[in-house]
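Thanks for passing this one along. Here are my notes, in the order I would go through them with you at the screen.

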Amino acid sequence: MSTLEIKGLHVEIEGKEILKGVDLTLNTNEIHAVMGPNGTGKSTLASAIMGHPKYEVTAGTVTLDGEDVLEMEVDERAQAGLFLAMQYPSEISGVTNADFLRSAINAKREEGEEISLMKFIRELDSKMEVLEMDPDMAQRYLNEGFSGGEKKRNEILQLMMLKPKFAILDEIDSGLDIDALKVVSKGVNEMRGEGFGCLIITHYQRLLNYITPDKVHVMMQGRVVKSGGPELAQKLEAEGYDWVKEELGIEDETVGQEA
Ligand SMILES: Nc1ncnc2c1ncn2[C@@H]1O[C@H](COP(=O)(O)OP(=O)(O)OP(=O)(O)O)[C@@H](O)[C@H]1O
Ligand SMILES: [Mg+2]
């Protein structure tokens with residue numbers, strides 16, 4: 001079993017504190033969901049874990065099996081087994097999807113241990129089939145001109161090809177049609193198992209009908225303020241966040257980061 005542990009994480013962006021002490025522990029073989037109002041720092045948490053240079057960690061720790069993730073360079077974090085499916089995936093012109101994936105896989109391997117072209121193609125074909133993707137997508141430039149839903153599906157393709165230990169999926173369900181939601185969920189569920197842990201950031205309980213989380217966390221004002229089981233997501237969907245604020249005595253009308 002592997003463990004990704006976030007303790008007392010404080011993060012600033014351009015001098016403004018966004019995360020104010022996030023605590024969260026994720027093990028392999030577990031799927032956790034993170035929900036919370038807009039602007040409470042969910043994507044910031046994801047970016048900080050992955051080492052986005054704009055996000056400055058001012059206090060706290062992130063460890064992967066006891067190893068300090070914050071000390072690692074961005075590529076070392078990926079090597080160590082961390083993966084982020086971004087809320088807004090970037091387009092890279094001039095690099096095909098297939099080339100990108102193959103380079104990313106080989107970057108995680110020792111020299112001389114590179115994946116063979118045949119094996120790569122076989123694997124790519126089979127994963128694209130699971131995700132019901134048009135085979136042409138492999139030869140298109142990475143995310144360029146992809147529709148919103150196609151980009152999200154492509155993030156899951158990357159996940160399935162790279163097989164990280166821990167994945168953070170930031171609003172992987174936004175913009176997906178109902179069939180695509182099922183297909184993407186199928187992909188994530190296929191990854192489920194002893195070598196894989198997943199943090200799913202979402203606004204909607206609907207996704208969690210397809211991917212049953214072991215735990216659900218609520219983030220507000222830069223902290224995880226409440227955790228529970230799948231029933232917590234159902235209650236949030238039905239009742240919104242007001243009751244959480246009341247329960248915790250959060251008075252601020254704007255749950256986001258307004259000064
Ligand atoms: N690069 C940046 N510069 C300035 N402020 C930023 C930057 N990135 C994020 N923020 C601010 O940090 C706060 C948290 O943003 P974040 O994207 O983490 O929220 P979120 O919880 O993911 O929201 P959403 O549900 O809308 O995706 C917001 O107030 C946002 O404006
Ligand atoms: Mg976000």
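Predicted model: local features only at pLDDT ≥ 70, side-chain atom pairs only at ≥ 80, totals over all residues.

1. UniProt, in an unreviewed entry, gives residues 4–246 the feature "domain: ABC transporter".

2. Next, the sheet. An open sheet is built from 6 strands in the order E6-E9-E10-E3-E11-E12, with mixed pairing. Strand E6 (82–85) and strand E12 (223–228) are at the edges and have a single partner strand each, so one side of each lacks a neighbour in the sheet. From one strand to the next, the twist averages 20 degrees.

3. Now a look at the E6 end. E6 pairs with strand E9 (residues 166–170) in the parallel sense, over 4 bridges. Phe83 is found opposite Ala167 in E9. Helix H5 (residues 148–162) lies across both E6 and E9, and runs at about 170 degrees to E6.

4. Finally, the ligand. Ligand 1 is surrounded by 17 residues, and the closest are Gly39, Lys42, Ser43, Thr44 and His203. A backbone N or O atom of Gly39 sits 2.8 Å from an oxygen atom of ligand 1, and a polar backbone atom of Ser43 is 2.9 Å from an oxygen atom of the ligand. From His203, an N or O atom in the side chain lies 2.8 Å from an oxygen atom of ligand 1. Ligand 1 exposes 640 Å² when taken alone, and the protein buries 71% of that.

Key
Residues numbered from 1 in each chain as written. Chains lettered and ligands numbered in written order. Heavy atoms only, no water. Pairing = 2+ DSSP bridges. Helix = DSSP H or I, 4+ residues; strand = E, 2+ residues; numbered from the N terminus. Axes fitted to C-alpha atoms, helices over the stretch in contact; angles between N-to-C directions. Contact = heavy atoms within 4.5 Å. UniProt positions renumbered as here; feature names shortened; annotations may be inferred. Near = heavy atom within 4 Å. Polar contact = N/O pair within 3.5 Å; in protein donor to acceptor, adjacent residues only side chain to side chain. Areas by Shrake-Rupley, 256 points an atom, 1.4 Å probe, with all protein chains shown as cover.
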